[in-house]
Amino acid sequence: MKTFKKKMILGNLLSMMVMACGSSTKNDVTPDLPGPTSGDVTVYITTAARTQEFRKTYVDFGSDVNMSPRTILLNEHVKYQTMDGFGAAITGSTAYNLLKMTQADRTKFLKETFDVNEGMGQSYIRIAIGCSDFSMSEYTLADQPGIENFALQEEEKKYVIPILKEILAINPDIKIMGSPWTPPKWMKVNNLTDLAPHDSWTGGHLNPVYYQDYATYFVKWIQAMKAEGIEIYSITPQNEPLNPLNSASMLMYWDEQRDFVRDALGPKFQQAGISAKIYAFDHNYNYDNISSQDDYPAKIYEDTEAAAYFAGAAYHNYGGDKAELLDIHTKAPEKELVFTETSIGTWNTGQNLGKRLLEDMKEVALGTVNNWCRGVIVWNLMLDSERGPNRDGGCQTCFGAVDISSTDYKTIKKNSHYFIVGHLSSVVKPGALRIGTEGFTEDGVVLSAFKNPDNSYAVVLLNENTADKRITFSDGTNYFGAEIPAQSVVSYTWK
């Protein structure tokens, strides 16, 4: 313990010297801190003060009888959800920025992010079906009327697919989710009463006349990606179905989504032998304060024929509270939950790790996982230092999980979303089971515990307090004591 405190003091002194000089290392790398190079328990540490950034270290199991009253005991008899993975979105903008890097620099970053042995092991990616608000342009995969005109476009072929192939070469098991921002404009109408053509990238509704064609559009996309060697694990029928203002966008109320999936998309998937999961909703906890849309997925599930096609529901956090996840789980415990988008930006001091790391870990990462989410996906993996490329009508104030300098496409600033996802993905593997804990608790200490498919254990913990905390962890057979730095996120894994 004394040795650990000496290491912490040295780390803090190094950080103070860096700050006093008014500079930082090129990639915000933690100064080399002395510490063990092996041990029974692998540990990753990130502090809000950036004195440690995903620093890897080790501790050993205790050899005596554990008498600590500050012991957290893992209880694998209490079982929650199975985990699918954690990651970020590979948008057109993200792919563009990655491809501006040198091959060596890009490979290094992608390995740090996705390699399960040498990096964070991020395990879930979200991509757009057609354009998103972070694309080079507004487009769909069939802009000319007629589903026979379906084809992958330049953004897929030149940017997104090459990056996905590089990622898959590093982590072949990564899961990929697809979400459309808009269908082809020729499929859209102003509303379901007038059924007047809606020749706009934003807003409108899907014309029921084109339900079958649009379902075929999804099938063709999944088949086209498979032909490129890219398997699609899951989809949502519409990104932000209650937001008609995004670039691009479309309204799809719960009864429309129910009918589209029940009568077209679900059957088309079955006919084509497609096993990709379908998640309902994909929008905010508060249903954008539209009372008729409250409990959107639960309303869909009331139709048993439609419900059979849905694996569960997806959520964003741009409005409302994460408690809605527990509410929906209670209403439909047999259905899955995933968290699919959150952003940082100028409005929430997105590059201020001192504030964002703690808040985002509590609300986005641990908050969603502890409310039954099987996966956590943040928005753009990488934007440039000008918050782009971006477009009018989209978010022009967003930061990426990391931001890369647009002057050299080399200097990287790692933000909270990169760390919160990495602290989960590094120790919680796809197929892990979230399990219970009992014993010691303390205000400002939030955690989740897991049993991995290889029978290893994992704990991801947030210490919001301004003081270090000493806590002991036990799996019933082995135990270890850990000094948890003030205002930090720490991940542990052991067998």
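Thr 42 has Tyr 58 in strand E2 as its bridge partner. The two residues belong to a predicted model, in which local features need pLDDT of at least 70, side-chain atom pairs count only at pLDDT 80 or more, and totals for chains, interfaces and linings use all residues. Residues are numbered from 1 along each chain as its sequence is written, and side-chain values use heavy atoms, with hydrogens and water left out. Strand E1 (residues 41-47) and E2 run antiparallel and are joined by five bridges; strands count as paired if DSSP finds at least two bridges between them. Helices (H or I, at least four residues) and strands (E, at least two) are DSSP runs, numbered from the N terminus.

Both strands belong to an open sheet of nine strands with mixed pairing, in the order E2-E1-E24-E21-E20-E19-E3-E22-E23. At the edges stand E2 (55-59) and E23 (479-484), each with a single partner strand, so one side of each has no neighbour in the sheet. From one strand to the next the twist averages 30 degrees.

Strand E3 pairs with strand E22 (residues 469-474) in the parallel sense over three bridges, where Leu 73 has Ser 474 in E22 as its bridge partner. With E19, E3 pairs in the antiparallel sense over six bridges, and Asn 75 stands opposite Gly 436 in E19.

Contact here means heavy atoms within 4.5 Å. Helix H11 (residues 416-425) lies across E1, E21 and E24, and runs at about 170 degrees to E1.

Another open sheet has three strands in the order E15-E17-E18, with mixed pairing. E15 (382-384) and E18 (412-414) are its edge strands, each with a single partner strand, so one side of each is left without a neighbour in the sheet. The twist averages 25 degrees from one strand to the next. E15 pairs with E17 (residues 402-404) in the parallel sense over three bridges, and Asp 384 has Ile 404 in E17 as its bridge partner. Helix H2 (residues 92-100) packs on this sheet, touching E15 and E17, with its direction at about 70 degrees to that of E15.

The axes of H2 and helix H4 (residues 154-170) come within 9 Å and cross at roughly 75 degrees. That makes H2 roughly perpendicular to H4, a class covering 65 to 115 degrees; angles under 35 count as roughly parallel, over 145 as roughly antiparallel and the rest as oblique. Among the residues that meet are Ala 95 and Leu 99 in H2, and Tyr 159 and Ile 163 in H4.

Tyr 287 lies in the loop between strand E10 (277-284) and helix H7 (296-301). Tyr 287 is buried, with a relative accessible area of 3% (buried means under 20%, exposed over 50%, partly exposed in between, with a 1.4 Å probe and protein chains only).

Leaving aside neighbours within four places in sequence, Tyr 287 is in contact with residues including Leu 242, Phe 281, Pro 297, Glu 324 and Ile 328. The side chains of Tyr 287 and Tyr 315 make a polar contact at 2.6 Å. Such a contact is a pair of N or O atoms within 3.5 Å; within protein, one must be able to donate a hydrogen and the other to accept it, and residues adjacent in sequence count only if both atoms are side-chain atoms. Tyr 287 and Gly 320 are 33 residues apart in sequence and 8.0 Å apart in space, C-alpha to C-alpha.

Note on methods
Axes are lines fitted to C-alpha atoms, for helices over the stretch in contact, and angles run from 0 to 180 degrees between N-to-C directions.
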